[in-house]
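Hi,

The structure is below, and my notes follow it. Please read them with the coordinates open.

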Amino acid sequence: MTKNIILVGVGGQGTILTTKVLSKGLVEMGYDVKMSEIHGMSQRGGTVTTQLRYGEKVYAPNIGDHEADLIIAFEKMEALRALFYLKKGGAIITDDKEIFPMPVLTGEQEYPEDCLDDLKATVGDVTVIKAAEKAAELGNVKAQNICLLGALIKKLGLDKGGVDWKEIIKATVPAKVVDVNLAAFDAGYNM
Amino acid sequence: MNEKVIMSGNEAIARGAYEAGVGFASAYPGTPSTEILENMPQYKDIDSRWANNEKVALEMACGAQAGGLRTLTCMKHVGLNVAADPLMTIAYIGSNGGMLVVSADDPGMHSSQNEQDNRQYSKIGKLILLEPSDSQECKDFVKLGYELSEKYDLIVLLRVTTRVCHSKSIVTLDEPLPKQVKKYVTNVEKRAMLPEMAIKRHIVVEEQLKKVEEYANNCDINKIEYNDKKVGIITSGVSYQHAKEVFGDTVSYLKLGLTNPMPGKLIDEFCEACDTIHVIEEGEPFIETAVKARGHQCTGKDKITIQGELTAAIVQTSLTDKPLPEGYTVKTQPADRPPVLCAGCPHRGFFYSFTKFRDKVVALGDIGCYGLGVQTPFFGEEMCVCMGGGFSTPIGMDIALKAQGDTRKPLGFLGDSTFFHSGLTSLIDAVHTNSNIILCLLDNSITGMTGHQQNAGTEIGLMGNPVHRVDCVDMVMATGIDKDRVHIVDPINQEEMDAALKYSIENDGLQVIVTRYPCALLKPIIKARGKKHVEVDQDKCIGCKMCMKVACPSLAFKDGKAYVDDVANCTGCGLCQQNCKFGAIVTVE
């Protein structure tokens with residue numbers, strides 16, 4: 001059975017690196033993996049969506065409406081925006097971090113501060129974690145992505161596949177930030 | 001070897017070129033093709049370089065392949081329009097070393113101005129057309145492409161789409177061939193395309209294409225998968241993956257990897273074996289037209305949209321009654337999050353200044369980061385066509401505005417890379433005719449939007465090699481323009497920027513403004529900046545929101561006060577500071 005995961009955030013938050021670590025581990029576990037990301041214009045502070053599918057045999061690289069098993073949101077309003085991907089019975093893990101987009105900064109639109117209440121009431125399986133806050137506490141806010149990865153690995157039971165995720169993180173992130181990312185991974189896993 | 005790795009289509013194309021013993025690779029960056037060349041420097045044996053534009057890239061490659069090397073040239077779909085002139089004739093010259101051209105199309109226009117389907121070029125250009133559907137095929141088809149190009153003396157067009165370029169899947173690595181070098185032998189009859197020679201070469205090309213058609217009918221990459229024969233699907237590229245996702249093994253497939261020349265006999269065989277034929281393809285009815293031309297009935301664009309990017313869901317709803325899965329909806333709606341100019345972006349200074357003169361100009365833009373100025377709150381662009389258009393469309397607009405007594409002055413803008421790409425020729429026309437326009441060259445010392453590729457104005461090349469830096473201001477002055485008409489300014493400094501725009505509007509004739517300020521994301525610039533940023537003194541801030549007018553993503557407003565929300569990304573450029581009359585914004589080093 002193919003699993004569909006949507007990672008969504010704002011350009012610069014590191015969704016692509018997270019997916020890189022995740023897909024390396026999944027390949028090691030023997031899964032067929034396809035991931036899809038869009039580069040270019042959307043990276044300049046816009047919404048960034050990365051799609052990852054794994055299973056015995058995966059054909060299409062992208063995930064359609066209401067097909068995702070899990071949404072990992074790096075910013076809470078982006079969880080709301082990505083909701084159309086989620087299938088009935090699917091789960092959301094989201095950071096409660098807020099990043100105001102330009103129309104909110106300029107006062108043309110309002111940021112839906114209480115959007116998570118709405119999501120929790122409708123979806124049910126919504127886990128809110130403070131990954132960005134934790135990463136900042138650990139010394140580098142950019143480790144937010146690996147913190148969220150820790151939560152994701154636990155949620156999907158991927159810690160039981162015989163893969164040493166920390167080794168993959170070590171091999172993927174820049175040497176200078178290995179320690180903070182490993183700490184962030186543990187923190188996310190235990191949140 | 002035979003290691004399995006996960007690679008994007010673009011990485012796999014680069015790897016394929018390496019394994020095929022390619023000796024020369026060239027490109028102009030453009031999404032979704034950029035990462036192909038970006039992945040080349042790891043293969044040290046391949047001389048890889050950015051060209052000033054796609055035409056130059058292709059012509060350099062033509063020289064290299066005629067000389068005997070296998071060559072790779074990559075571009076986005078609209079880039080092939082720029083390179084179309086040489087391509088149509090290189091097809092007659094044919095190959096010495098194999099020549100492969102990658103066209104990365106962008107159905108759905110994730111980062112493009114149109115969604116043209118470049119498979120059509122293979123027909124007018126007499127090219128062998130290959131359409132891989134995933135990363136493994138990207139690598140395999142590149143290698144096959146060189147064999148075909150050399151065997152049949154034709155040029156190969158490898159057509160990929162955003163979803164193939166930017167999706168990652170598993171690829172098995174193989175040992176590379178050594179660099180392939182064929183001896184260069186003079187052959188004027190084959191390569192000097194004057195009418196007398198070209199007439200003869202066209203005959204050869206048509207004969208060769210017939211041979212490739214025979215090959216296409218019997219090759220491994222055009223294959224039939226027979227299952228139940230009630231429904232047969234003909235498809236190519238990523239559309240095959242969508243079809244398999246929806247129908248699995250319940251229908252039969254003719255999966256086409258080589259689609260020009262079209263494998264006529266194979267299509268006949270498949271259509272005769274199956275009861276109903278559906279053609280599933282993104283974009284234009286390229287395969288559908290070929291199937292119908294052979295007298296077969298099929299569904300095609302009557303069922304599946306010609307617009308946008310296909311998904312499995314679109315295939316499912318277009319061809320089956322099976323309902324889509326159900327999901328959730330909530331009442332709360334997210335605010336829009338359009339891409340924006342980065343914190344510290346020099347273009348913000350240009351656009352903010354522009355807003356002060358908006359009524360006096362008609363702004364015509366171009367392709368690049370500054371395209372983001374089209375949005376709220378700058379609305380700094382009334383037209384945007386193509387690379388270089390920002391310097392030529394104003395010339396015509398000036399004539400039209402005069403014809404209706406409109407006194408506004410056309411203002412065109414483009415960046416340094418775009419200037420080298422094709423803005424220079426437009427500038428020469430403007431100087432030559434002393435057009436009554438303002439041309440703004442927004443020099444941020446890099447090709448920005450596609451993620452920092454070197455260009456003629458940088459000091460190192462793609463391979464990290466030192467290169468001669470061509471100064472775009474020198475190029476402007478070389479046109480012979482009166483130096484009083486050229487204004488070089490720091491765009492963040494609003495006094496300077498405003499003065500240049502005011503002068504250029506008030507004085508007749510061509511005025512050229514060059515804004516010089518590096519992209520905020522350049523690594524040396526980030527390093528030099530250190531921890532420099534601004535902070536808002538909450539006691540001094542009166543909440544007038546003047547600083548917010550510059551629309552910087554680092555600044556936010558809450559409880560009646562402005563504050564720096566994103567300290568990590570604030571560069572301390574000081575644009576917001578200039579708007580604060582109360583001294584509330586202070587620089588912190």
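**Strands at the A/B contact**

Ser8(B) sits opposite Lys168(B) in E8(B). This is a predicted model, where local features need pLDDT of at least 70, side-chain atom pairs count only at pLDDT 80 or more, and totals for chains, interfaces and linings use all residues. Residues are numbered from 1 along each chain as its sequence is written, while chains are lettered from A and ligands numbered from 1 in the order in which they are written.

Helices (H or I, at least four residues) and strands (E, at least two) are DSSP runs, numbered from the N terminus. Two strands pair if DSSP finds at least two bridges between them. E1(B) and E8(B) pair in the antiparallel sense, over five bridges.

Ser36(A) has Ser167(B) as its bridge partner in E8(B). Met35(A) stands opposite Lys168(B).

**The wider interface**

How many residues of chain B are in contact with chain A? The count is 49 residues of chain B against 54 residues of chain A. Contact here means C-beta atoms, placed from the backbone, within 7 Å. On the chain B side, these elements each supply at least two residues: strand E1 (4-8), helix H7 (162-165), strand E8 (167-172), helix H10 (238-247), helix H13 (312-319) and strand E20 (555-558). By class, that side has 24 nonpolar, 15 polar and 10 charged residues. Ala, Val, Leu, Ile, Met, Phe, Trp, Tyr, Cys and Pro count as nonpolar, Asp, Glu, Lys and Arg as charged, and the others, Gly among them, as polar.

**A helix pair in chain A**

Helix H1 (residues 15-28) and helix H6 (residues 144-155) of chain A have axes that come within 9 Å and cross at roughly 40°. Axes are lines fitted to C-alpha atoms, for helices over the stretch in contact, with angles from 0 to 180 degrees between N-to-C directions. H1(A) and H6(A) are therefore oblique to each other. (Under 35 degrees is roughly parallel, over 145 roughly antiparallel, 65 to 115 roughly perpendicular, and the rest oblique.)

From H1(A), Thr15(A), Leu17(A), Thr18(A), Val21(A) and Leu22(A) meet Asn145(A), Leu148(A) and Leu149(A) of H6(A). That contact has five nonpolar, three polar and no charged residues.

**Backbone points to check in chain B**

Most residues other than glycine have a negative phi, and most peptide bonds are trans. Where are the exceptions?

- Thr31(B) to Pro32(B) is a cis peptide bond, omega near 10°. Pro32(B) is in the loop between strand E2 (24-27) and helix H2 (35-38) of chain B.
- Thr376(B) and Pro377(B) are joined by a cis peptide bond, omega about 0°. Pro377(B) is in the loop between strand E14 (361-364) and helix H15 (389-403) of chain B.
- Asn434(B) is not a glycine, yet has a positive phi of about 40°. Asn434(B) is partly exposed, with 13 other C-beta atoms within 10 Å.
- Asp559(B), also not a glycine, has a positive phi of about 50°. Asp559(B) counts as exposed, with 7 C-beta neighbours inside 10 Å.

For burial, 20 or more other C-beta atoms within 10 Å is buried, 12 or fewer exposed, and in between partly exposed; C-beta atoms are placed from the backbone.

Best wishes

Methods
Contact = placed C-beta atoms within 7 Å.
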